[in-house]
Amino acid sequence: MTEKPKRIALIASKGTLDMAYPPLILATAAIAMDMEAGIFFTFYGLDIINKHKYNSLKVPPLGNPAMPVPMPNILGALPGMTAMATMMMKSWMSKANVASIPKLLDMAREGGVRMIGCQMTMDVMGVKKEDLIDGVEIGGAATYLDYAVDANISLFI
Amino acid sequence: MKGGIKLAEDIKVDSTLDCKGLVCPEPIVKTNMAIKKLQVGQVLVMESTDAGATSDMHSWAKRTGHQLLKEEASGNVLKFYVKKMK
């Protein structure tokens, strides 16, 4: 008899480039470790699976003291600074050969990561099912809880 | 069962996977895909330049039940010999 597989249940609530990585990396790594993985995308986290947005997620320089650029943080409020911070982050990531968000999404889909879009926040933010990438199901809190109650690991990101 | 320490020359390699240049999570994702294509008992060598791969490969082997036979390092290239156990 085979043991019941271990499971990770993630909530992705942020839509910035840096915050899109942790849920996708953990979910794809979990699949590689013969675990089950599911991600519930809610609020701005929906951008990660929004086909018009997932390829252009941004890094916020404002209020982000970790940006390794020696300048007053308030300058991050200037027009163009978000684009610049995003460009810098993308260039570092590509130098380090980190997989892109579209590539990680493909890996997640191929690996069978269960991806759930939150219906309530889709309604709030005017996101339609056809705005989301293929392979995403739609559900609510109960859908997530039903999946997560049998999970060994659950994280809110 | 964990075997004793073997020399690399003694290990018959059935497949090699080049993960050089790739970083987390790709080495273990690709390793897991590659091991699925082998028969039980066959050996895969995964080559990586990711310094985090050592810890990750130990955890991966522990959780998946495959056996990490041996690790080698030459320069910045790490080699992991994995035996498919199931």
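Asp34(A) counts as partly exposed because 17 C-beta neighbours lie inside 10 Å. In this predicted model, Asp34(A) sits in the loop between α1 and β2 (36–41) of chain A. Its phi is positive, about 60 degrees, although Asp34(A) is not a glycine.

**Other backbone features**

- Most residues other than glycine have a negative phi, and most peptide bonds are trans.
- Phe43(A) is not a glycine either, yet it has a positive phi of about 45 degrees.
- Phe43(A) lies in the loop between β2 and α2 (81–95) of chain A.
- Phe43(A) counts as partly exposed because it has 17 C-beta neighbours inside 10 Å, a number that falls between the limits of 12 or fewer for exposed and 20 or more for buried.
- In chain B, the peptide bond from Cys24(B) to Pro25(B) is cis, and its omega is near 5 degrees.
- Pro25(B) belongs to the loop between β1 (15–19) and α1 of chain B.

**Chain A as a whole**

- Chain A contains 5 helices and 5 strands.
- Read from the N terminus, the order of these elements is β-α-β-α-α-β-α-β-α-β.
- Chain A is as compact as a globular protein of its length, because its radius of gyration of 17 Å is close to the 15 Å that the globule rule gives for 157 residues.
- The C-alpha trace of chain A spans about 60 × 35 × 25 Å along its principal axes.
- Of the 157 residues in chain A, 33% count as buried.
- When contacts in chain A between residues at least 6 apart in sequence are considered, 74% of them join residues at least 24 apart.

- Ala151(A) is placed in the loop between α5 (141–148) and β5 (153–156) of chain A.
- Which residues does Ala151(A) touch, not counting residues up to four places away in sequence? They are Arg7(A), Ile8(A) and Ala9(A).
- Ala151(A) and Ile8(A) are 143 residues apart along the chain, and their C-alpha atoms are separated by 5.4 Å.
- Ala151(A) has 18 C-beta neighbours inside 10 Å and therefore counts as partly exposed.

**Chain B as a whole**

- Chain B has 2 helices and 4 strands.
- From the N terminus on, its elements run β-α-β-α-β-β.
- Of the 86 residues in chain B, 31% are buried.
- Contacts in chain B between residues at least 6 apart in sequence join residues at least 24 apart in 64% of cases.
- The average pLDDT of chain B is 91, and 90% of the residues score at least 70.

**Where the two chains meet**

- The predictor gives the complex an ipTM of 0.83 and a pTM of 0.89.
- In the contact between the chains, 11 residues of chain A meet 12 residues of chain B.
- Helix α1 (residues 17–32) of chain A gives the most to the side of chain A that touches chain B, with 4 residues.
- The residues on that side of chain A comprise 8 nonpolar, 2 polar and 1 charged.

**Helix α2 of chain B**

- Helix α2 (residues 53–64) of chain B has 12 residues, which should span 16 Å at 1.5 Å a residue; the end C-alpha atoms are 15 Å apart, so the two values agree.
- The buried residues of α2(B) are Ala53(B), Asp56(B), Met57(B), Trp60(B), Ala61(B) and Thr64(B).
- These residues are on the same side of α2(B), because they cover an arc of only 130 degrees around the axis.
- An α-helix has 3.6 residues a turn, so residues three or four places apart point the same way.
- Ser55(B) and Lys62(B) are exposed residues on the face of α2(B) turned away from its buried side.
- What covers the buried residues of α2(B) includes α1 of chain A, along with α1 (26–36), β2 (43–48), β3 (67–74) and β4 (77–83) of chain B.
- Gly65(B) follows α2(B) and has a positive phi, near 85 degrees.

How values were computed
Residues numbered from 1 in each chain as written. Chains lettered and ligands numbered in written order. Predicted model: local features only at pLDDT ≥ 70, side-chain atom pairs only at ≥ 80, totals over all residues. Contact = placed C-beta atoms within 7 Å. Nonpolar A, V, L, I, M, F, W, Y, C, P; charged D, E, K, R; others polar. Expected span 1.5 Å × (residues − 1). Arc of directions from axis to C-beta. Rg over C-alpha atoms; globule rule 2.2 N^0.38 Å. pLDDT = per-residue confidence, 0-100.
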